Amino acid sequence: MDSNQQRIVITGVGLAAPNADNLKEFRKKLLAGISEIKEIDLRYFGPAPAGICTFDETKYRKKKDNKRGTRAGCLGVYCAHEAMADATLDINYYDRSRIGVYVGLTEHGTVETENEIFNISQYNYDVNYWTHHHNPRTVLNNPPGEITMSLGITGPHYAIGAACAAGNASLIQGVQMLRLGEVDMALAGGISESTGSFGIFASFKAQGALAEAADPRKACRPFDMGRNGIVVSEGGCIYVLERLEKAIEREARIYGEIVGYCINSDARDFVLPYDKRQAECMQQALNRAGLNAADIDIINTHATGTRQGDIEECKAIRQVFGEAPSTYINNTKSIIGHAMGAAGVLELAGNLSAFEDNMVHPTINVTNLDPECALPNMVLNKPTQLKSVSTILNNSFGMVGINSVIIVKKYED
Amino acid sequence: MTRDDIKDLILEIIKDIDEDADFDALQSDQPLRDQLDLDSMDFLDIVMELRKRHKLQIPEEDYPQLASLDSCVNYLEPLLKNA
């Protein structure tokens, strides 16, 4: 067992999801399977289902700062402040220079660049009309940087680029930096503003991987025979991470302990996932946690609703969890869409409350389960009540062959 | 544009940048940045808006002329006389 200095716990959660702006509401909607995916109209592209967040954008900073900054920064500032408040942490509790801010991003700058090209198109592409805000908006550290400016944090901040595995990757970074003694507290999570980019939608469509459905709430259907692609969502989720020793000292509410993790690479293909490496990633995370597959109560799958992606992940789960009859499997994207850089952390947050209510929220929109995706204990269309939940394994995979897995354990004295 | 029109134009641009800007106590002969929540990037927004709205290309060496509301009006009056 690691010492309490090396044990890292989650003590605060701040989030903005397409169906909620706080954890309590998020949990409620996930258990009820309430999707608020809607159709949006994108410049050049036209209509597409998407997840858009509704939250109080001026709760923690002025409208002027939202105009100057980015949508990702706006989401990040909201989530970071909410996480601090949820952790009942005053910003002065820790030395501000000893707080690290680590934010996972699938991409950044795409939205701002597209907007600016559109802007100069109104002026005959005269670059004299290109905004001076472009560089500070598009530097990769923009979202975590906006968080530090808003909270007055002077410790390190940077973004982790790991495609759609980025949220988990940032959480892992936060754990590592705390264990290394580089910081005393971390704000770690992920953000996505991808719904502002027509290019992201157009690229998925060109790849045959963009979801379509008459009812946008039914567009994201992982594991279902009728699945036809990804629903792009925006979102954010930031966690307060602390050393267990400190969390106990200040009598913090402890959501869970991050006991295992792994990041690995497929080293194979730009877009296609690879079950073998995904299985290795899950196994390595279990090994690091000192757990067996049978010890895991819930797996939050990464499955995005693409034909091959869902099958590959299910193959990987079968390899690792074939002999784990008490492991339940769900998918959060079916309800909120794919929040890209925020996906891993938002989906983990959606499951964290299971440590208290012992419920597993469902994968919705499964009317005809794909036999190639069928696994024991899939929680489909309605929630499942378990006797107890003490471990969650969270998968998050991304393009260019990156896999990330996090295991969180319920904290018990 | 009249001097009053130019003054209104500048205030309108500032309001677009910061809708919370309060002009009640604004002294027109004092630097805008000392009285309002404006920094160098906001100042460049004013320059950009003048370019977009009135095709004015203000050279960088003239930026100090836009420091106060009065100096803005003085500087822009001949440039916007036909606007």
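Colleague: Which residue is the bridge partner of A:S265 in β15(A)?

Modeller: In this predicted model, strand β9 (residues 256-265) of chain A pairs with strand β15 (residues 402-409) of chain A in the antiparallel sense, over eight bridges. Within β15(A), the partner of A:S265 is A:I402.

Colleague: Which strands are the edge strands of chain A?

Modeller: The open sheet of chain A has 10 strands with mixed pairing, in the order β5-β4-β6-β8-β1-β9-β15-β14-β10-β11. An edge strand here pairs on one side only, and this holds for β5 (157-161) and β11 (328-330) of chain A.

Colleague: What angle does the direction of helix α10 of chain A make with that of β9(A)?

Modeller: Helix α10, residues 275-289 of chain A, packs on the sheet. There the helix touches β14 (391-398) and β15 as well as β9 of chain A. Its direction and that of β9(A) make an angle of about 145°.

Colleague: Are α7(A) and α13(A) roughly parallel or roughly perpendicular to each other?

Modeller: Helix α7 (residues 166-180) and helix α13 (residues 343-352), both of chain A, have axes 5 Å apart and pack at an angle of about 80°. Angles from 65 to 115 degrees count as roughly perpendicular. The two helices α7(A) and α13(A) are therefore roughly perpendicular.

Colleague: How many charged residues has the contact of α7(A) with α13(A)?

Modeller: From α7(A), residues A:G167, A:N168 and A:L171 meet A:A343, A:G344 and A:V345 of α13(A). By class, this contact has three nonpolar and three polar residues, and the number of charged residues is none.

Notes: Residues numbered from 1 in each chain as written. Chains lettered and ligands numbered in written order. Predicted model: local features only at pLDDT ≥ 70, side-chain atom pairs only at ≥ 80, totals over all residues. Pairing = 2+ DSSP bridges. Helix = DSSP H or I, 4+ residues; strand = E, 2+ residues; numbered from the N terminus. Contact = placed C-beta atoms within 7 Å. Axes fitted to C-alpha atoms, helices over the stretch in contact; angles between N-to-C directions. Parallel < 35°, antiparallel > 145°, perpendicular 65-115°, else oblique. Nonpolar A, V, L, I, M, F, W, Y, C, P; charged D, E, K, R; others polar.
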